[in-house]
Amino acid sequence: MKRRFKPMLAFPSKPFDSPDWLNEIKIDGTRVMGYIDTTKKSVELINRRGIDILYRYPELKTLYEDVKVKQVVLDGEIACFEKGKPNFQKLQEREHVDDPVRIELLSKNMPVTYIVFDVLHVDGKDLVDKPLIERKKILERVVSESSRVLISRYVIGNGKNFFQKVRKKGLEGIMSKKLDSPYIQERSKYWLKIKALKTLDCVICGFTSGRGKRSELLGSLIAGCYYQNKLKYVGKIGTGFSEKQLKELLERLEKLKVKKCPFPEEPELKLPPGRKPVWTKPKLVCEVKFSELTEDKIMRAPSFIRLRNDKIPKECILES
């Protein structure tokens, strides 16, 4: 299928009640467009970088068996579930494996599921101009649920109550979407993401050396976001890592080292005596949780959550 779509993206918001909006669980996974042709028995799973990642998930190669039409384009998230909840750490383990034998083994021990929440094309006809609620009904007609694929459930209105229930279950948050909205292939206020925790996707711009147990690893990551079209320093991230993550991060960042600071002006890092920053190319993206932003837009109490291999640095935008 030659037709390609860009994912519709959301703006952050707070929970609200409106009969004109639906609410569904925000899945902690990897966003992919599914291009499925049942006549050719073909499946493509294209991530936000435009890469087909189906080879990593052999358990999804027969997704065409769950489709009732000839051709379809689906939008959804790949997730790895544990005790009924998405486990992103396990999904990351799947994402970082390229060895075919290991991939096959993990597909049996740590299978993933494709959770679909939208349909953009069916049998030669684009659906992007149709209202969301109509696309949802079409999705239920063209996809059958199985161990490979689930259809995202939603409630209309009652956003505040739904958000509280989701938060109590320890889930990431909710998505609120306007019932009559078209599918816009860019960021739009027709879709709103409401997270249980304050999080920010940041560009890793460098790191500091470690001390004590981390003397041979790294101490903290130096993070930035794009603000008013310029890369802005937003804080140092020194907690939330496992030792394995620290080793992997250091290995990747060592290959990106540069002499020049990537920020327009070198930030005041307030490092202890004897410790200096190591600057890197702003290529890697990580998700960070924090308590609040200061007036200078610096994160308070930032903690590392994960690398975001599905996002590019230019998508790390700090809202005004």
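A: One begins with residue classes. Ala, Val, Leu, Ile, Met, Phe, Trp, Tyr, Cys and Pro count as nonpolar, Asp, Glu, Lys and Arg as charged, and the others, Gly among them, as polar. The model shown here is predicted.

Q: What is the volume of the largest pocket, and which residues are the closest to its centre?

A: The volume of the largest pocket is about 700 Å³. Its lining has 25 residues, of which Pro12, Ser13, Lys193, Thr199 and Leu200 are the closest to the centre. Two or more lining residues come from each of β1 (9–12), β13 (187–195) and β14 (199–209).

Q: Which element gives the largest share of that lining?

A: The largest share belongs to β13, with four residues.

Q: How is the second largest pocket to be described by volume, by residues close to its centre and by class?

A: The second largest pocket holds about 520 Å³ of space. It is lined by 21 residues, and the closest to its centre are Asp28, Gly170, Leu171, Glu172 and Leu197. By class, this lining has seven nonpolar, four polar and 10 charged residues.

Q: Which elements each supply at least two residues of the lining of the second largest pocket?

A: They are β7 (85–86), α1 (88–95), β18 (285–289) and β21 (303–307).

Q: Let us turn to β14. Why is β14 described as largely enclosed by the rest of the structure?

A: The general idea is that a residue counts as buried when its relative accessible area is under 20%. In β14, 10 of the 11 residues are buried, so the strand is largely enclosed by the rest of the structure.

Q: How many bridges join β14 to β15, and how many join β14 to β17?

A: β14 and β15 (residues 218–227) run antiparallel and are joined by six bridges; here Gly206 stands opposite Ile222 of β15. β14 also runs antiparallel to β17 (residues 277–279), with three bridges between them. The bridge partner of Phe207 in β17 is Val278.

Note on methods:
Residues numbered from 1 in each chain as written. Predicted model: local features only at pLDDT ≥ 70, side-chain atom pairs only at ≥ 80, totals over all residues. Heavy atoms only, no water. 1 Å grid on protein atoms, 1.4 Å probe; cavity = no way out; pocket = protein on both sides within 12 Å on 5 of 7 lines; lining within 4 Å. Points joined across faces, edges and corners; volume = space filled by probe spheres on them. Buried < 20%, exposed > 50% of the residue type's maximum accessible area, 1.4 Å probe, protein only. Pairing = 2+ DSSP bridges.
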